[in-house]
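This report describes a protein structure for a reader at the start of their studies. Please keep the sequence and the structure in view while reading.

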Amino acid sequence: MPGTAELRSGAAGPPAATPTPSPARSPLVALIGPPNSGKSTLFNRLTGLRQKVANYPGVTVEKKLGDVHLGDHRSVTLIDLPGLHGFSAKSLDERVTRDALAGRLPGLPSPDAVILIVDSTRLESQLMLVEPVLEAGLPTLLVLNMADELAAGGGQVNEQDLAEQLGLEVVSASARSGQGVDRVRAFLERVEVRTSHPGVGATDMPEATDAPASNVVTPGANGSAAPDANGGVHPDGLGAQSPRRIDLPVVDVFVTRRGRVRIATQRSGYVAPASPKLTDRLDSVLLHRIAGPAIFAVLVALVFQAIFAWATPLMDGVEALVATSGEWARALMPDTWWRSLLVDGVWMGVGSVIVFLPQILILFFFLGLLEDSGYMARAAVIADRSMHRVGLQGRAFLPLLSGFACAVPAIMAARTIPDERDRLATIFVVPFMTCSARLPVYAMLIAAFIPERPLLGPFLGTRAATLLGLYLLGATAAVFTAFVLKGTLLRGRAAHFVMELPPYRIPTLRSILLRLLDRSRVFLMRIGRIILGVTVALWVLMQVPRVGGEAPPLEQSALGRAGHVIEPAIEPLGFNWKIGVGLISSLAAREVIVGTLGTIYGVENADEGSIEIQDSLKQDLDFGGAVALLVFFAFALQCMSTIATVKRETGGWKWPALQFGYMLVLAYIGAYAANAIF
């Protein structure tokens, strides 16, 4: 019962074994919930910055772990499992969550308890997850999130009665405001490391049914209640020990479970909130067939204008800081080879990329606002009206939009698409979306070759319009490629698209800041792992072969000679050997070319100690060559992480090899045409 000191197992049955604390690790609690239920908000509020992100062993699904510090120097590890609507195991997200509850994921112990968070404003549909979760036989807390919105809309629910009906502890809360979070922490304080799991048990969860134990049918099909082992009363035995199993078709299972959930909500006095008038009014405009797409286009244009207008003073400050610190380090060190390595190689290369961090953060700031406000789901609905014409469905819009941030998580997000042909088509075209790694390259070339002039007053300038055009170019290539794929290799009709629209909400500053801090960490780690390594390798190649104990002229170095080898192939595009070296290095990651050129030009102009490369670019590229380079980066697949992710998601090298070759050929043809035209 709620508030009792002893935790009750979610699935009632034989008396629970006494938990045995283990000094080997902290208790592990699984956080589960449907998308848009506030799961990540609760995770961030409980863990703060004590988080670490990695991939589950053997799969590309991201796992997020965080420590929750409690009293008496205790802590609990919270794992944020992928959001899901059910346990059909049709998608990788669902399989990972199911296997995590069952303790079948390598390197991850079985959870010791579960927190199931649902949106209380949509309670009946979201409680469909309760019964499958209870089948794991773990102590479970049900968090009725967004309780403040429920009350504000005139809705209500008696959490005590709902707890009686479901047979588990229930807490009303608001993860955004912090209401009720103390009761969630009280639940965590009582969790101990378990050595056994009673009841049906997670290891008995089915491998590939519509939902875990979805074929469990209990007495009381006419609406009668069945007592559980602990004396609780459950409608139709929901949450109670099932004395028998009967195999039913999936549709019958769904209808039966829906009936039990409906009875539980009715007996708990649940009243759904009235649809917010503001949401209805906004949707009448934002989902309008004409006004909706127009407003979306205006919002996108404003975002790109802000990327340049807002970021300029911040970038100037970062650039000044990098230059000043580089000169300070140069003055402190003796004139030796390792000073050249650290200052001219590492600092010049890495600093050339760090300067673009403000633009990337502004992009993620706006993406966070759109997502947390609920507008992103509306954008998917708007996109579905046109995407089906190229053979895709609206569900593909969210992975494609995520591609503006990074192709790797966007490709992984495509696993929520149930149709295999649609999923493969989406994975294939995601890298065409202009990711944040392209942004430093675009910003460098646009700043060097495009003068800033107003086009629509203060709302849109020439540089922002050029950037927007590059985003549209990539999106157009994605649409064209999807159309070709769905008419040839992946021929088939697009599946129907259904999406539950969340109400509009005001994003919290805390959520946005945590998102920006996380993206900053990812960006800087990328610099540390990839760009730093490439920069050091480039510096070494520029130092050999040594001539009289000194570094050779750049053109005669190993790096220069490699550039001259490929120069005949790229000369028709308007590129010289220096740009060729940058293209080779950018195969590891697109933004590496900025550090590469910064290193090359920095060494050539070491006496000036400047990280500015725009003037040097103007000496090696004319306007046509600059446009060609922009087009090349808009089309080419220059990211080893993306290729590896596609290989793992598709189960072989066939699709990533075809994808890399197709995009490279398209990039070469596009760059050749751009250089010829401009």
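Arg378 lies over the face of the ring of Tyr504, at 4.1 Å from the ring centre. This contact, like everything that follows, is read from a predicted model.

**Overall composition**

The protein has 678 residues, and 55% of them count as buried. Its secondary structure comprises 27 helices and 9 strands. Among the contacts with a separation of 6 or more, 75% are made by residues 24 or more positions apart.

**Aromatic pairs**

How many aromatic pairs does a search of the whole structure find? The search gives 8 aromatic pairs. A pair of aromatic rings is described by the distance of the centres and the angle of the planes. Two of the pairs are described here.

In the pair of Phe428 and Tyr662, the ring centres are 5.9 Å apart and the planes stand at 55°, so the pair is tilted. Phe428 belongs to helix α17 (residues 420-429) and Tyr662 to helix α27, so the pair ties together parts that are 234 residues apart in sequence. Phe428 counts as buried, at 4% relative accessibility, whereas Tyr662 is partly exposed, with a relative accessible area of 25%.

The pair of Phe623 and Phe678 is edge-to-face, with 6.2 Å from centre to centre and 70° between the planes. This pair also links distant parts of the chain: Phe623 is in helix α25 (residues 623-635) and Phe678 is in the segment after α27, 55 residues apart. Phe623 counts as partly exposed because its relative accessibility is 39%; Phe678, at 55%, counts as exposed.

The two pairs are set out below.

| Pair | Centre distance | Angle of planes | Class |
|---|---|---|---|
| Phe428 and Tyr662 | 5.9 Å | 55° | tilted |
| Phe623 and Phe678 | 6.2 Å | 70° | edge-to-face |

Ring pairs also join Phe428, Phe432, Phe635, Trp655 and Tyr662 into a cluster.

**Helices α26 and α27**

Helix α26 (residues 640-650) packs against helix α27 (residues 654-677) at an angle of about 140°, and their axes are 7 Å apart. On the α26 side, the residues in contact are Ile643, Val646, Lys647 and Thr650; on the α27 side, they are Trp655, Pro656, Gln659 and Phe660. By type, the residues of this contact divide into 5 nonpolar, 2 polar and 1 charged.

Gln659 is a residue of helix α27. Is Gln659 buried or exposed? With a relative accessible area of 0%, Gln659 is buried, because buried means under 20%. Leaving aside residues up to four places away in sequence, Gln659 touches Ile427, Phe428, Pro431, Leu637 and Val646. Phe428, which takes part in the tilted pair, is thus one of the residues that Gln659 touches.

**Helix α22**

Helix α22 (residues 577-585) is mostly covered, with 8 of its 9 residues buried. Those buried are Trp577, Lys578, Ile579, Gly580, Val581, Gly582, Leu583 and Ser585. At the start of α22, a side-chain oxygen of Asn576 comes to within 3.2 Å of the backbone nitrogen of Lys578.

**A buried loop residue**

Leu554 is located in the loop between α20 (509-543) and α21 (558-570). Its relative accessible area is 12%, so Leu554 is buried. Leu554 and Leu541 are 13 residues apart in sequence, and their C-alpha atoms are 9.4 Å apart in space.

Definitions and conventions. Residues are numbered from 1 along each chain as its sequence is written. This is a predicted model: local features need pLDDT of at least 70, side-chain atom pairs count only at pLDDT 80 or more; totals for chains, interfaces and linings use all residues. Side-chain values use heavy atoms; hydrogens and water are left out. Axes are lines fitted to C-alpha atoms, for helices over the stretch in contact, and angles run from 0 to 180 degrees between N-to-C directions. Helices (H or I, at least four residues) and strands (E, at least two) are DSSP runs, numbered from the N terminus. Contact means heavy atoms within 4.5 Å. Ala, Val, Leu, Ile, Met, Phe, Trp, Tyr, Cys and Pro count as nonpolar, Asp, Glu, Lys and Arg as charged, and the others, Gly among them, as polar. Buried means under 20% relative accessible area, exposed over 50%, partly exposed in between (1.4 Å probe, protein chains only). A polar contact is a pair of N or O atoms within 3.5 Å; within protein, one must be able to donate a hydrogen and the other to accept it, and residues adjacent in sequence count only if both atoms are side-chain atoms. Rings of Phe, Tyr and Trp (its six-membered ring) pair if their centres lie within 6.5 Å; planes under 30 degrees apart count as stacked, over 60 as edge-to-face and the rest as tilted. A charge sits over a ring if NZ of Lys or CZ of Arg is within 6 Å of the ring centre and within 35 degrees of the ring normal.
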